[in-house]
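Let's take a walk through this protein together. Have the sequence and the model open side by side as you read.

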Amino acid sequence: MSDALRLIHTPLGQRGSGRVRYGAAMALHGSGGLSEAALEVYRICSPLDAQDPVPMLMERGLTPPPPAPPPGTAALRHLLDEADSYLAGLPGEGPAEVRLGLARGGPATNPPSPTAHPLVEEHLGDALALLERTHPALALAIAAATPHLTWTTYDEYAPDLIGDSFPRSHAFASLVGGEAPFHAADFDFGLFLIAPHLLYRDRRHKAPELYAPLTGPHGWRFAPGAPLVIKAAHEPVWNDANQPHLTKVGPNPLLCFFGWTADVNEPAEIVPAPDWAALEALRL
Ligand SMILES: [Fe+2]
């Protein structure tokens, strides 16, 4: 449907564009998105590459097709569908909670504002190569959506507490949320990528949070100073509100879905711990 909507707006004057618009009109008609009478207008205009069908539609009292969706909308929608299917296969309350939020997202109300990030250029390919061994469709969906996502960094932590490495070793992109391509109030869901070996120090936030790691292994703890628990890819982590958590990335980049299900505008904060230097030097 979105391909047909894009193609029905093929610029006037391009050689063969009249036939392309007619083909798209047939597809839209077939899916119930264009009337028989409007289709006839596109048929009449099909040999006339420079002829705009819209004035003829208006003359006949017919409604023109809606505007073309922004580029990337289909890829982002496909990723959202793949993400929802993926979460449906995970155990626990967290994935179910996040899926309720995903159902509130959309239609796409914020036009995509693609922003690349060097961390993504450097590490996403390696992460997707691992993911595609077990989840090829999901890996493909992430690769196709990535150029249309707004990749950015989280900068709410006190710089002296978060340390030097975190700001340049992570990137995230929201898919569903207040400013995301698919709008949902007080909810945030997207992709999160962290460089190999990074220690993401103990922190907490009011937002209940799901991590659904697509790569692994990585270490976690849920109290400052506690020993690490090693988790593999596809083992979700659910953090209740204000639950401290720390993440030690293993030798592979950590790619995950994240979900914040409430209080998303409350900033996260670092929780001091005495053993960060040892954990930063540690190699899983
Ligand atoms: Fe968190």
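**Starting at helix 3**

In helix 3, the buried residues are Ala38, Val41, Tyr42 and Cys45. Here a residue is buried if 20 or more other C-beta atoms lie within 10 Å of its own, exposed if 12 or fewer, and partly exposed in between, with C-beta atoms placed from the backbone. Look down the axis of helix 3 and its buried residues fall within an arc of 95°, so they line one face of the helix; the arc is that of the directions from the helix axis to the C-beta atoms. Glu36 and Ala37, on the other side of helix 3, are exposed.

Before going on, a word on the ground rules. This is a predicted model, in which local features need pLDDT of at least 70 and side-chain atom pairs count only at pLDDT 80 or more, while totals for chains, interfaces and linings use all residues. Residues are numbered from 1 along each chain as its sequence is written. Helices (H or I, at least four residues) and strands (E, at least two) are DSSP runs, numbered from the N terminus.

So what do the buried residues of helix 3 pack against? Their partners are helix 2 and helix 4 (53–59). Take helix 2 (residues 17–30): its axis lies 8 Å from that of helix 3 (residues 36–45), at an angle of about 165°. Axes are lines fitted to C-alpha atoms, for helices over the stretch in contact, and angles run from 0 to 180 degrees between N-to-C directions. That makes helix 2 roughly antiparallel to helix 3, a label for angles over 145 degrees.

Now for who touches whom. Gly18, Arg21, Tyr22, Ala25, Met26 and His29 in helix 2 meet Glu36, Leu39, Tyr42, Arg43 and Cys45 in helix 3, where contact means C-beta atoms, placed from the backbone, within 7 Å.

Arg221 counts as partly exposed because it has 19 C-beta neighbours inside 10 Å. Setting aside neighbours within four places in sequence, Arg221 is in contact with Ala226, Pro227, Leu228, Val229 and Leu246. From Arg221 to Leu193 is 28 residues in sequence and 19 Å in space, C-alpha to C-alpha.

Finally, step back to the whole protein. It has 11 helices and 11 strands, and 38% of its 284 residues count as buried. The C-alpha trace spans about 75 × 35 × 30 Å along its principal axes.

Conventions. Contact = placed C-beta atoms within 7 Å. Parallel < 35°, antiparallel > 145°, perpendicular 65-115°, else oblique.
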